[in-house]
Amino acid sequence: MSALLEIADLKAFYGASQALFGVTFSVGEGEVVALMGRNGMGKTTTIHSLCRMLTNTRGSIRFLDQDIVRLPSHRTARLGVGLVPEGRRCFPNLSVAENLSAAARPGEWDFKQVAQLFPRLEERRHQRASTLSGGEQQMLAIGRALMTNPKLLVLDEATEGLAPVVRQEIWAAIRQLKQSGLSILVVDKTLSELTRVADRCVILEKGVNAWQGTPGELSDKVRDRYLGV
Ligand code: ATP
């Protein structure tokens, strides 16, 4: 069986400046892949290329056996790529419930399911998104992505800037989503949590693959060399 997502020799450009020089990896059905690397190595650029928010790319991106490089971003979302963007963008003036329903597409994920995963969103359902805490906004951003009923959930900086206790809630939710069989591509700086949840790690350095393997194979030498820990 072919992978859900297959990225091969991906190159990406910001104007004349090249940011990716050949990124290759796949995400299988039900698999959790951690995209890793130090700051500026190309993780967000890879995600933006996948979601077609960055279109100046070369190479191949296949999702569900379809070449998606010519699709506009709303079509990739419709195909089943659910993005939780860095900085957890939601509609600030809409309520929690309105934010969620604006993203809704048919499938098993609805308000009730999202509220089960994040009970805090049920409590705050009439509150405007701009008045939520950072953690609640991230829950809402994940909830919005889930409401699209994605086949692949993509989290860019899953817990950045959140208090430790809230981070734990987000990681617990991600583990629960993994258990439910959802495929996930995740970027974060918390190595311990990433390696706990990921089936595979893909490390980028200067816009190319530097290393791939299971968390168990991630030696101190590899961590030291590519992740600076
Ligand atoms: P971080 O963890 O800091 O977000 P990252 O691994 O996600 O890092 P990217 O944001 O993808 O890295 O950046 C990859 C390269 O592309 C960097 O050299 C960066 O300076 C460059 N880059 C990113 N965004 C732009 C942009 N809008 N215009 C020009 N260059 C950019």
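Which residues are around the ligand? They are Y14, A19, R38, N39, G40, M41, G42, K43, T44, T45, E157 and K189, where a residue counts as near a molecule if one of its heavy atoms lies within 4 Å of it. The model is a predicted one, in which local features need pLDDT of at least 70 and side-chain atom pairs count only at pLDDT 80 or more, while totals for chains, interfaces and linings use all residues. Residues are numbered from 1 along each chain as its sequence is written, and side-chain values use heavy atoms, with hydrogens and water left out.

**Ligand shell**

The shell around the ligand divides into three nonpolar, five polar and four charged residues. In this scheme Ala, Val, Leu, Ile, Met, Phe, Trp, Tyr, Cys and Pro are nonpolar, Asp, Glu, Lys and Arg are charged, and the others, Gly among them, are polar. Helix α1 (residues 43-50) gives the most to this shell, with three residues. Helices (H or I, at least four residues) and strands (E, at least two) are DSSP runs, numbered from the N terminus.

| Residue | Protein atom | Distance to a ligand oxygen atom |
|---|---|---|
| G42 | backbone N or O | 2.9 Å |
| K43 | side-chain N or O | 2.8 Å |
| T44 | backbone N or O | 2.8 Å |

On its own the ligand has 630 Å² of accessible area (Shrake-Rupley method, 1.4 Å probe), and the protein covers 58% of it.

**Pockets**

A pocket is found on a 1 Å grid over the protein atoms alone, as an open set of points where a 1.4 Å probe fits, with protein on both sides within 12 Å along at least five of seven lines; its lining residues have an atom within 4 Å of a point. Grid points are joined across faces, edges and corners, and the volume is the space filled by probe spheres set on the points.

The largest pocket holds about 480 Å³. Its lining has 19 residues, with A77, V81, L83, R144 and T148 nearest the centre. Two or more lining residues come from each of α2 (73-79), β6 (81-84), α3 (96-103) and α6 (134-147), and α2 has the largest share, four residues. By class, this lining has 11 nonpolar, five polar and three charged residues.

The second largest pocket has a volume of about 310 Å³. Of its 16 lining residues, E108, W109, L177, S180 and L182 lie nearest the centre. Helices α4 (111-117) and α7 (164-179) each supply at least two, and α4 gives the most, with three. The classes here are five nonpolar, eight polar and three charged.

**Overall fold**

The protein has nine helices and 10 strands. Its radius of gyration is 17 Å, close to the 17 Å from the globule rule for 229 residues, so the protein is as compact as a globular protein of that length. The radius is taken over C-alpha atoms, and the rule is 2.2 Å times the number of residues to the power 0.38. The C-alpha trace spans about 45 × 40 × 35 Å along its principal axes.

Methods. Polar contact = N/O pair within 3.5 Å; in protein donor to acceptor, adjacent residues only side chain to side chain.
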